[in-house]
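Subject: Structure for you to look at

Hello,

Here is the structure I promised to pass on. Please open it first, then read my notes below.

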Amino acid sequence: MQQIFHLIEKEINLEWKQKYAFNGLLLYVGATVFICYLSFREILEVPVWNALFWIIQLFAGVNAIAKSFLQESRGRMLYYYILADPKAIILSKIIYNFLLMLLLSVFNFLFYSLLIGNPVSNTPLFLFTLLLGSMGLSSVLTMVSAIASKAGHSAALMPILSFPVLLPLLMTTIKLSKNAIDGLDWAANQQLVIILLALNIMVIALGYLLFPYIWKE
Amino acid sequence: MLWDIYSFLIFGRNNKKRFRNFELNKKLMKENILQIAWWKWLCVILLFYTYIAGFLIPVPRLPILHESIRNLFFHVTIWFSMIIMMGASLIYGIRYLNSNNIDLDIKAEQCTYTGIFLGIIGILTGSVWAKNTWGAWWVNDAKLNGAAATMLVYLAYIVLRGSVDDEIKRARLSSVYGIFAFTMMLVFIMVLPRLTVSLHPGNGGNPGFGAYDLDKTMRTVFYPAVIGQTLLATWITEILVRIKRLKQHD
């Protein structure tokens, strides 16, 4: 537990020291939203708004998290290997990436609704969906990024490996966020929320169990 | 004499040069074509039974489906055997991670190849059926999307395998990815379609193979067909594994 906190602290320090990476991500999201704004102006149709939002979110996530294992040099990985428990490493990475995704998604939501319009009727539920979606995206992508970084051709492998695995998560998230936009109340969405939570827990548990096998080389 | 004809048919003209070794000849003679394992015989018999009975037995006349309900014996059983193959691949993956025995990784890989092959056949047979029953080659249906996503996952699995050169690293990474992907796929094909309405027979009020529609005569063909297809898939996988082992020893 102590280890996890220290590792997260280290991640945040690292990010703070090289701010250009985080700023670059914000710029990435901003530029993508701006391109969508220029090509669509305003989106009135709810399904299109929703799908586009989550696609931006997906690509931002892949870009943000792909580097989480890639940026570590071989020597530093060896250093962690000696120092820390692999389970603490994967959990700390997932938690850190989750925080990063959460920030990105809030930024994305603000900027997106500013430029393209905001049809969301049930905002708390939508924010809750953002939370769950970021959690799912970050945990799957962290795990896949670990696999891809060990495999070598990380940049090319990342989307190929992650998109099919993300499908069930993304479909459920999109459905839930569509309900939030349409203004359905919580009771109607109980089932979807439970499925999404269960999926998240499952992914994190799988990562927790399987990561030690990829970590040792 | 008989052995000469037989060896000529199997090994071609050069067999005498190639198999001068008497011991080897004796061993090959023992492996007569009729002496294959019992489950291979069972597979042949069950598949013959499936393809003959599947077309001949009376089936219930249901609206929309009519005679095309017979696809249950061929298309659905192929999907069953695909899922079983993928499950076998998952089990071999887990066993590999526990034991680090590279042979298990070969088995996992070849099970996946057979599974992909069956999946492609499943999509093709389903597509032909859909064209004649629903009027389109591809429709936006939860089960079809699940099938397509499964194919994507396993193609990604093959790409991952191809991108790593080191044998042990490849085995470990692909086992982990296989376990990860298979669990997500199970959710995608087993859980999510139950939340939405599917066009498939037996779902969303469509007539089909539900509890009371699937009558006794159809069951007598369906279950043997599933077993037969799975045995055939196992047979294919066994041959693939043996080829792969020989290649590795070269």
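**What I found**

A:Asn122 is partly exposed, because 19 other C-beta atoms lie within 10 Å. The cut-offs are these: a residue is buried with 20 or more other C-beta atoms within 10 Å of its own, exposed with 12 or fewer, and partly exposed in between, with C-beta atoms placed from the backbone.

Please keep in mind that this is a predicted model: local features need pLDDT of at least 70, side-chain atom pairs count only at pLDDT 80 or more, and totals for chains, interfaces and linings use all residues. Residues are numbered from 1 along each chain as its sequence is written, while chains are lettered from A and ligands numbered from 1 in the order in which they are written.

Back to A:Asn122. It sits in the loop between α5 and α6 of chain A. Helices here are DSSP runs (H or I, at least four residues), as are strands (E, at least two), numbered from the N terminus. Leaving out residues up to four places away in sequence, A:Asn122 touches A:Ala180, A:Gly183, A:Leu184 and A:Asp185. A contact means that two C-beta atoms, placed from the backbone, lie within 7 Å. A:Trp186 is 64 residues from A:Asn122 in sequence, yet the C-alpha atoms are 9.3 Å apart.

**Confidence**

pLDDT is the predictor's confidence in each residue, from 0 to 100. Chain A has a mean of 86, and 100% of its residues reach 70 or more. Among the elements of chain A, helix α4 (residues 74-83) has the lowest mean pLDDT, 77. Helix α6 (residues 123-151) has the highest, 90.

**Inside chain A**

Is A:Lys93 buried or exposed? It counts as buried, because it has 26 C-beta neighbours inside 10 Å. A:Lys93 belongs to helix α5 (residues 86-116) of chain A. It touches A:Ser68 and A:Thr142, not counting residues up to four places away in sequence.

Now look at two helices. The axes of α3 (residues 46-70) and α7 (residues 154-182) of chain A come within 9 Å and cross at roughly 145°. Axes are lines fitted to C-alpha atoms, for helices over the stretch in contact, and angles run from 0 to 180 degrees between N-to-C directions. By class, this contact has 14 nonpolar, five polar and two charged residues. Nonpolar covers Ala, Val, Leu, Ile, Met, Phe, Trp, Tyr, Cys and Pro; charged covers Asp, Glu, Lys and Arg; the others, Gly among them, are polar.

**Chain B**

Chain B has nine helices and zero strands. Buried residues make up 34% of its 250 residues. B:Asn100 lies in the loop between α5 (71-99) and α6 (102-133) of chain B. Its phi is near 60°, a positive value in a residue other than glycine. Most residues other than glycine have a negative phi. B:Asn100 counts as partly exposed, because it has 13 C-beta neighbours inside 10 Å.

**Where the chains meet**

The contact takes 23 residues from chain B and 21 residues from chain A. On the chain B side, α7 (142-163) and α8 (167-191) each give two or more residues. The largest share, 13 residues, comes from α8(B). By class, the chain B side has 19 nonpolar, two polar and two charged residues.

A:Leu161 is in contact with B:Ala156, B:Leu160 and B:Tyr177, among others, leaving aside its neighbours within four places in sequence.

Best wishes
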